[in-house]
Each structure stands twice: as C-alpha cells, then as structure tokens.
Amino acid sequence: MRKKCVEDSKTEQFRLLKYEDINGANRLFGGKLMAWIDEVAGVTARRHCETQVTTACIDNLQFKEPAFLGNMVVIIGRVTYIGRSSMEVRVDSYVEDAQGFRRPINRAYVTMVALDENEHPKAVEFGLELRTESEKAEWESGVKRAELRRQRRKEGF
C-alpha cells in the first residue's frame, strides 16, 4: 500500500471573526465553528485519500476558550488514523493574536469516510507514514478511539 505522511494532507484555514459569526453572548457561535471544523476535516481527508469524502461522526469536541469579534481564528486539520474506508482527522482551533501567538479554543476528532463514484464507502488507498513520536502516539490513540466508536455503535449510540 502506498503511503502519505501527515504533512501531505495537513490543512490550515484562517477566519477573521465578523458580526455574522457572533452569537447573542458576543462570542463565536459554536455551530459556526463546528461547520468550519467539518469543512477543514473534509478537505484534509480528501487530500489524503484523493476522492470524495463524507462525515461519519464528530467526537471529543471540546470548547476550551471563547473567541470574539475581530479575532483571527486558525483551524488546522491533520490525519491521525486510517481504517479500511475511514480516516480520523484531528482538528485544532486557535485564536491568533497580532504577534502570531496562538491560544487553543477547540479540539475535535472527525471521522471521514472515503466514497466511490456511486457515493458508497471505498477503501482508503493510502496508508499513513508516521514520522514523529507525536504522530505515532496520535495513531495509537486513534486505534483506541476507533475501538470506542465501534463499541458505541454496537450499544446503539
């Protein structure tokens, strides 16, 4: 099986928060951030598998800090684990200040599924080459998360 490294499909998106992104509490609307996370996960997975993808699930979505009008939000996706037809994408979101310092505001793990031309799940044709200890640790955690997702499906979650 051919392999790609994590950096091959890494995706970064930048958003300057505008009025339409803000909720009634003058903070970034969580649903807006969730949509951006899903978009970044989809682009990341598509870059890895080189085919259309769809979202299977989003888990471990943690809102850590707020973001406000005028903040620059940076969203970074990277593939962490590959199943047969699925890819787990870790998406980290940050607020970046004028000096480039990033403060984490969210982390999510999104499972994306590779699709064939008939929109049915298909095998991911590229493995994942793990180059760093961090990538290896993320893969091992991804194995555990995939097993937890399988268990939850069995239990009806």
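Met 87 touches Ala 45, His 48, Cys 49, Val 53, Tyr 81, Ile 82, Val 110, Thr 111, Met 112, Val 113, Ala 114 and Val 124 when residues up to four places away in sequence are not counted; a contact here means heavy atoms within 4.5 Å. The model is predicted, so local features need pLDDT of at least 70 and side-chain atom pairs count only at pLDDT 80 or more, whereas totals for chains, interfaces and linings use all residues. Residues are numbered from 1 along each chain as its sequence is written, and side-chain values use heavy atoms, with hydrogens and water left out.

Met 87 also belongs to the largest nonpolar core, which has 28 residues and in which Met 87 and Val 91 have the most contacts. Such a core is a set of buried Ala, Val, Leu, Ile, Met, Phe, Trp, Tyr and Cys residues joined through side-chain atoms within 4.5 Å. Two or more residues of this core come from each of α2 (30-49), β4 (72-82), β5 (86-96) and β6 (102-114). The greatest share is that of α2, with 7 residues.

Helix α2 also holds His 48, one of the residues that Met 87 touches. Is His 48 buried or exposed? His 48 is buried, because its relative accessible area is 0%; buried means under 20%, exposed over 50%, and partly exposed in between, with a 1.4 Å probe and protein chains only. Apart from neighbours within four places in sequence, His 48 is in contact with Lys 4, Ser 9, Val 79, Ile 82, Met 87, Val 124, Phe 126, Gly 127 and Leu 128.

Not counting residues up to four places away in sequence, Arg 2 touches Glu 125, Phe 126 and Gly 127. Arg 2 and Glu 125 are 123 residues apart in sequence, yet 7.1 Å apart in space from C-alpha to C-alpha.

The chain as a whole has 3 helices and 7 strands, running β-α-β-α-β-β-β-β-β-α from the N terminus. Helices (H or I, at least four residues) and strands (E, at least two) are DSSP runs numbered from the N terminus. Among contacts with a separation of 6 or more, 71% join residues 24 or more positions apart. Of the 157 residues, 41% count as buried. The C-alpha trace spans about 45 × 35 × 30 Å along its principal axes.
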